Amino acid sequence: MDLNDLARSSGEWLKGTGPESDIVMSSRIRLARNLSQFPFLSRADDGVRAEIERMMRRHLQELELKGHLNYVDVNALEGLDRQFLVERQLISRELAESHGSRGVGISAQENLSLMVNEEDHLRIQVFQSGFNLERCWEEINRVDDLLEERVSYAFSEQLGYLTACPTNVGTGIRVSVLLHLPALVATREAQKVFHALQKIHLTVRGLYGEGSQAMGDFYQISNQVTLGKSEAQLLKNLRDVIPNILEYERRVRNQLIKENRPAIHDKVARAYGTLRSAQAISSEETMQLLSHVRMGVNLGLIDDLDIPIVNELFIQTQPAHLQKLRKSHLESAERNSARAAYLRERLARN
Amino acid sequence: MKCRNCAKVATLHITEIVKGVVQEHHLCEDCAKPFLENPHLGAKSAGVPAGPTTGGATSSGEAPVDEQDRLICPACELSFREFRNQGRLGCSHCYTAFQEELLPLLENIHGDTQHCGKYPKRVPEDNQRQFKLIKLRNELREAIAEESYEDAAKLRDQIQQLENQLSGDATR
């Protein structure tokens, strides 16, 4: 798999299509699975890790999926390439930063990734653009079934699928949606929403999952509980709650426009202007300004830009993507200039 | 490990013994304060806080934290103390080896200790039916809570049918 080819596209979760895609960037489900005959990774020495990796690599390559699956040996990758895969959400930071034999199987459309030797032996993830959890579940359940015909998962009748961390035991499922909530953040309503979500056992994280900061007003909402409820119940729980947040974000957006259209328009136009003319710009500032622009496009305040392009810019201005596109290692200051040049060029082309 | 009351990380691990019954409480600093000041709102408690690595003797002379920490999984040789420190288990057998210690923890994290989701097809058919029963009963509980009585009636029928199958197999 040539990662340089990937750099030029934006991948499934940034397509900007699917239900509610003005606010829901993507839906994602992941399953945590372990092989019954091996210890978990905290007790696996290099030899065992290598054996698990070899075995899983073979099974993944032989898996009869709809499309082709590319297997990437993460241990053999350079730091920049690992960071690149993290930015695309195809691997977790944990997999990128750990050591020893590990890898990832990635489907051609980038809507399926299977991480080997992450916190668990296997982490399967499926993505869909927009709010489409059912589709994610159908797909991931099918892949899980196919794997189960080949390997024996660690499973207990009482506790379900056994995982390295007890917070994942049972279904081993994490159902999440990535939301863009600029209006709720601007009015400080987001914190109230997140507080309410915690009370119903839903977790809120930043763009890149656990421990990551919320950038560009993006938040991931996911289930906290994995044991004692079926996958369908956990899906339903999220599916029932998310529309309320969407409705709230839209209501606040409309209220902002109604009460202070000139100020909102000014903020959006300035953000767009800066992105089109800056000479040096950091990743953080880019994310923040793109967030304003994205809301502006959705509110009809910018009419010469499409959401898929905005989404593409979110990913391609990230540090590793920028360096892959420029085909060279760049220091922070060089990156800021390169980012600004990229944005000017891309937005002028539009 | 998460605090049992909120989403923060549990930094205080408290062992409480009431009339010989040992209970574990995993709390973050904020939730631990009110708990330590008033453990069970009026209930007399011989609880002794124990840090993650310190362990602690209790008023009844037992040392459950130390005892727990000394537990070792016979399959992978992970000690409970190591699990307590790193929050990761060593192998699937740890769930059996530390079952007594883990169940209260799982109850705190998930509010439940019985899986009712997907099960591998390799599981024997009889056990699959048992799983299905657990799952259906769980759905029934939820349907009743949501006052979806039509769904509840259908679920009851399915449960009845499955129970009949199981008892039929048992008498065969």
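Where is the place of A:Arg253 in chain A? A:Arg253 lies in helix α8 (residues 231-277) of chain A; helices (H or I, at least four residues) and strands (E, at least two) are DSSP runs, numbered from the N terminus. This is a predicted model, in which local features need pLDDT of at least 70 and side-chain atom pairs count only at pLDDT 80 or more, while totals for chains, interfaces and linings use all residues. Residues are numbered from 1 along each chain as its sequence is written, chains are lettered from A and ligands numbered from 1 in the order in which they are written, and side-chain values use heavy atoms, with hydrogens and water left out.

View 1. Not counting residues up to four places away in sequence, A:Arg253 touches A:Asp22, A:Ile23, A:His180, A:Pro182, A:Ala183, A:Met295, A:Asn298 and A:Leu299; contact means heavy atoms within 4.5 Å.

**View 2. Packing of α8(A) with helix α9 (residues 283-298) of chain A.** The axes of α8(A) and α9(A) are 9 Å apart, and the angle is about 130°. Because of this angle, α8(A) is oblique to α9(A). Axes are lines fitted to C-alpha atoms, for helices over the stretch in contact, and angles run from 0 to 180 degrees between N-to-C directions. Angles under 35 degrees count as roughly parallel, over 145 as roughly antiparallel, 65 to 115 as roughly perpendicular and the rest as oblique. The residues of α8(A) that meet α9(A) include A:Arg253, A:Ile264 and A:Tyr272, and those on the α9(A) side include A:Leu289, A:Met295 and A:Asn298. By class, this contact of α8(A) with α9(A) has nine nonpolar, five polar and three charged residues. Ala, Val, Leu, Ile, Met, Phe, Trp, Tyr, Cys and Pro count as nonpolar, Asp, Glu, Lys and Arg as charged, and the others, Gly among them, as polar.

**View 3. Packing of helix α5 (residues 133-148) of chain A with α8(A).** The two axes come within 10 Å and cross at roughly 160°. This angle makes α5(A) roughly antiparallel to α8(A). From α5(A), A:Leu133, A:Glu134 and A:Trp137 meet A:Glu231, A:Leu235, A:Leu238 and A:Arg239 of α8(A). The classes in the contact of α5(A) with α8(A) are four nonpolar, no polar and three charged residues.

**View 4. Strand β4 (residues 112-116) of chain A.** Five of the five residues of β4(A) are buried, so the strand is largely enclosed by the rest of the structure. A:Leu112, A:Leu114 and A:Val116 are on one side, and A:Ser113 and A:Met115 on the other. Strand β3 (residues 103-107) of chain A pairs with β4(A) in the antiparallel sense over four bridges; strands pair if DSSP finds at least two bridges between them. A:Met115 is the bridge partner of A:Val104. In the hairpin of β3(A) and β4(A), A:Glu110 takes a positive phi near 60°. Strand β5 (residues 122-129) of chain A also pairs with β4(A) in the antiparallel sense, over five bridges, and A:Leu122 is the bridge partner of A:Val116.

**View 5. Strand β8 (residues 173-180) of chain A.** Eight of the eight residues of β8(A) are buried. Seven bridges join strand β1 (residues 24-33) of chain A to β8(A), in the antiparallel sense. Five bridges pair β8(A) with strand β10 (residues 218-223) of chain A, also antiparallel. A:Val177 stands opposite A:Ser27 and opposite A:Ile221 in β10(A).

Methods: Buried means under 20% relative accessible area, exposed over 50%, partly exposed in between (1.4 Å probe, protein chains only).
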